[in-house]
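Hi,

Here is the structure I promised to send over.

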Amino acid sequence: MAVYAPGRDASRLAYYGLFALQHRGQESAGIAAWDGRSVNVKKSPGLVSQVFSEADIEGLAGGLAIGHNRYSTTGSSNARNAQPFLIDSRHGPIALAHNGNIVNAGDIRRRLLDRGVGLTSASDTELMIMDLAGRGEDDWVSRIRAAMNSWVGAFSFVTLTPEGIFAARDSWGLRPLAYGVTAEKAFVIASETCALATLGCREIHEIAAGQIVSCDAEGRVSVTGPGEGAAPRKHASCVFEFVYFSRPDSVWNGHSVHEVRRRFGEELARRSPAEADLVIPVPDSSISAAIGYSGASGVPYGEAFVKNRYIGRTFIEPTTALRKRGVSLKFNVLHDSVKGKRIVVIDDSIVRGNTIRPLVALLKNAGAKEVHVRVASPPVRHPCMMGVDMGQRSELVANVMPVADMAKWSGADSLAYLSLESVGRALGGIDDYCAACFSGDYPFDVEMAEAKERFEF
Ligand code: SF4
């Protein structure tokens, strides 16, 4: 995220905003701020609440700041890959924070090394900042546009320079990015609109695919018009933001995430009904779909899993061992709510399959008579190269066994997925979306994509 806050410490607003974006990454957090003389940065592994003390925020003085929560899709989750990256350059200091994954990182890396640029991390974010720093165009918008036209992949990013903050979204529109203005006239850019709402922004706009937005040190905002941003591409916004990643109170591509998830649940109820007494969600990302399933099926909605919310989201923890331990530490069951009942449990997705089996076992052990699993997305069969760490093809459980065998494998009495056609109906059309993890139809050639650990030192 990025903040311009005249006469106040922008870092404090960035800090609050990062709390609202904690679900997008829990490995490391960082803030860089321009105090009028230099850019200062504080970043380290951990949650936002663990990384920053009050003294840290006070030390990040100045009216311009950017911040980041990291979730590794390229490079390991060590401190060296924490963001924002900060370098000095012939254009002055630059800090950069990035959400997404550059697919042609290998090409960019070789180009930079050939130019004599030294690299210190495994992160594609370092490639982006080094590429920008070496560009000779006259102004930042021109440099950013030229760099964007050479990058392939998902990149919603913010940069901080003495001249202001700049933000842009790749021309495919893969990852979200939005901006807004608070009542106190602070200008804020964030990965999700929920963070803008948290900071009290009144006017909220999603940044368009390929668009470049800037706010200079005097607070003058400019937004590139049609044809002024990066070269246009076929739109391919990430459907998985609706399925799992975004918070339900965010708006993504003009749609309320909660409403879309609710419609996923309605579609699921129509196509895959179950004779049941209770519909329950796997909290939190399945709540909206469970409400939709209940509404369309007439089966009452209830809560049966109690989640320890102080443990991170299992899907975005970096190793399978951590994910598995996370499930058992995270959920308990309300026995009285499920005992003797036929339960429909709604899960937003099944990726590696680490979560659903222990959850079904918990329900059965609590006395549930039947458990019917309904998944509010299609089977995930293809890895994501654009910023969601789904692992290798062989790790995806839908590739390991036929869907018909998954009920038995999970311990459930039945198991059904939402179809891609239903996803399209819920969205009013899927042509402008990437659904490659379900369909294998990637928005560009991903043969050049680098494996996550490729650049490990
Ligand atoms: S492959 Fe899946 S997770 Fe990755 S960008 Fe496409 S829809 Fe999103």
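I call a residue near a molecule or strand if its C-beta atom, placed from the backbone, lies within 6 Å of it. With that, the residues around the ligand are Leu174, Cys238, Val239, Phe240, Cys384, Met386, Val388, Cys434, Ala435, Ala436 and Cys437. That shell has 11 nonpolar, no polar and no charged residues, where Ala, Val, Leu, Ile, Met, Phe, Trp, Tyr, Cys and Pro count as nonpolar, Asp, Glu, Lys and Arg as charged, and the others, Gly among them, as polar.

Two housekeeping points. This is a predicted model, so to speak of local features I need pLDDT of at least 70, side-chain atom pairs count only at pLDDT 80 or more, and totals for chains, interfaces and linings use all residues. Numbering starts from 1 along each chain as its sequence is written.

On the whole chain: there are 17 helices and 23 strands, taken as DSSP runs (helices H or I, at least four residues; strands E, at least two) and numbered from the N terminus. Along its principal axes the C-alpha trace spans about 70 × 45 × 40 Å.

Seven strands form an open, antiparallel sheet in the order 3-2-4-1-10-9-11; strands pair if DSSP finds at least two bridges between them. Strand 3 (39–45) and strand 11 (201–206) are the edges, each pairing on one side only. Strand 2 (residues 28–34) runs antiparallel to strand 3 and is joined to it by seven bridges, with tryptophan 34 opposite valine 39. Helix 1 (residues 10–20) lies across strand 1 (2–4), strand 2, strand 4 (64–70) and strand 10 (187–190), at about 25° to strand 4. Axes here are lines fitted to C-alpha atoms, for helices over the stretch in contact, and angles run from 0 to 180 degrees between N-to-C directions; contact means C-beta atoms, placed from the backbone, within 7 Å.

Further along, helix 6 (residues 140–150) has Trp140, Arg143, Ile144, Arg145, Ala147 and Met148 buried. Their cover includes helix 5 (124–133), strand 7 (153–161), strand 8 (164–169) and strand 12 (212–216).

Last, arginine 111 sits in helix 4 (residues 105–114). Arginine 111 counts as partly exposed because it has 16 C-beta neighbours inside 10 Å.

Cheers

Terms used: Two residues are in contact if their C-beta atoms, placed from the backbone, lie within 7 Å. A residue is buried if 20 or more other C-beta atoms lie within 10 Å of its own, exposed if 12 or fewer, and partly exposed in between; C-beta atoms are placed from the backbone.
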